[in-house]
Amino acid sequence: MGYIVLHVLTYACPFTVYYVGILVRYHAKFLRSADAPPLSEQLIAGIAFSLIAIAPLLPAINLTLENPSGFDFLPFVFILVVVLQEGLVLHEKATAIVGRLVSRATG
């Protein structure tokens, strides 16, 4: 694979998928909780939370791309699905909890 394509698949794709998970959860009213934080707060908090959620998976993504027998598509997609569910399930609740802790500390 080309050097640029390899880096885009390794680093840009997982973060993009994480943010897609945030956007899907926010815009799907049946998935969003009643006290969901605003989208701007969720996107800003996504910078820190995505690093926490995705950084441990980057070596696994790299292994699927640089496999000696060729590109492993199914493990790569499985890792992206795990990243997507982190953006869907974990992110909104974590942002709400951190927001409450910050307001309690400054309040």
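Modeller: Let us begin with Phe15, which is found in helix 1 (residues 3-27). Helices (H or I, at least four residues) and strands (E, at least two) are DSSP runs, numbered from the N terminus. The model is predicted, with local features needing pLDDT of at least 70 and side-chain atom pairs pLDDT 80 or more, whereas totals for chains, interfaces and linings use all residues. Residues are numbered from 1 along each chain as its sequence is written, and side-chain values use heavy atoms, with hydrogens and water left out.

Biologist: Is Phe15 buried or exposed, or does it lie in between?

Modeller: Buried means under 20% relative accessible area, exposed over 50%, and partly exposed in between (1.4 Å probe, protein chains only). Phe15 has a relative accessible area of 22% and is therefore partly exposed.

Biologist: How many helices and strands does the protein chain have?

Modeller: There are four helices and zero strands, and from the N terminus the order is α-α-α-α. The C-alpha trace spans about 55 × 30 × 20 Å along its principal axes. Of the 107 residues in the chain, 31% are buried.

Biologist: What can be read from the sides of a helix, and which residues of helix 3 are buried?

Modeller: An α-helix has 3.6 residues a turn, so residues three or four places apart point the same way. In helix 3 (residues 58-65), the buried residues are Leu58, Ile61, Thr64 and Leu65. Viewed down the helix axis they fall within an arc of 120°, so they line one face of helix 3; the arc is taken over the directions from the helix axis to the C-beta atoms. Pro59 and Leu63, on the other side of helix 3, are exposed.

Biologist: How far apart in space are Leu65 and Leu9?

Modeller: Their C-alpha atoms are 8.2 Å apart, with 56 residues of separation in sequence. Leu65 counts as buried, at 7% relative accessibility. A contrasting case is Gly2, in the segment before helix 1, which is 20 residues from Ile22 in sequence and 30 Å from it in space, C-alpha to C-alpha. Gly2 counts as partly exposed, at 37% relative accessibility.

Biologist: How many salt bridges does the structure hold?

Modeller: A salt bridge is a side-chain nitrogen of Lys or Arg within 4 Å of a carboxyl oxygen of Asp or Glu. The structure holds two. In one of them Arg25 pairs with Glu92, the closest N and O atoms being 3.0 Å apart. Arg25 belongs to helix 1 and Glu92 to helix 4, so this pair ties together parts that are 67 residues apart in sequence. Both partners are buried, with relative accessible areas of 17% for Arg25 and 3% for Glu92.

Biologist: Which residue forms a salt bridge with Arg100?

Modeller: The partner is Asp35, and the closest N and O atoms are 4.0 Å apart. Arg100 lies in helix 4 and Asp35 in the loop between helix 1 and helix 2 (39-54), so parts that are 65 residues apart in sequence are tied together. Arg100 counts as partly exposed, at 39% relative accessibility.

Biologist: How is an aromatic pair described, and how many does the structure hold?

Modeller: A pair of aromatic rings is described by the distance of the centres and the angle of the planes. Rings of Phe, Tyr and Trp (its six-membered ring) pair if their centres lie within 6.5 Å; planes under 30 degrees apart count as stacked, over 60 as edge-to-face and the rest as tilted. The structure holds three such pairs. In one of them, Phe71 and Phe73 are edge-to-face, at 6.2 Å centre to centre and 65° between the planes. Ring pairs link Phe71, Phe73 and Phe76 into a cluster.

Biologist: Is Phe73 buried or exposed?

Modeller: Phe73, in helix 4 (residues 73-106), is exposed, with a relative accessible area of 52%. Phe71 is partly exposed, at 35%.

Biologist: Where does the charged end of Arg32 sit?

Modeller: It sits over the ring of Tyr26, 4.6 Å from the ring centre. The criterion is NZ of Lys or CZ of Arg within 6 Å of the ring centre and within 35 degrees of the ring normal.
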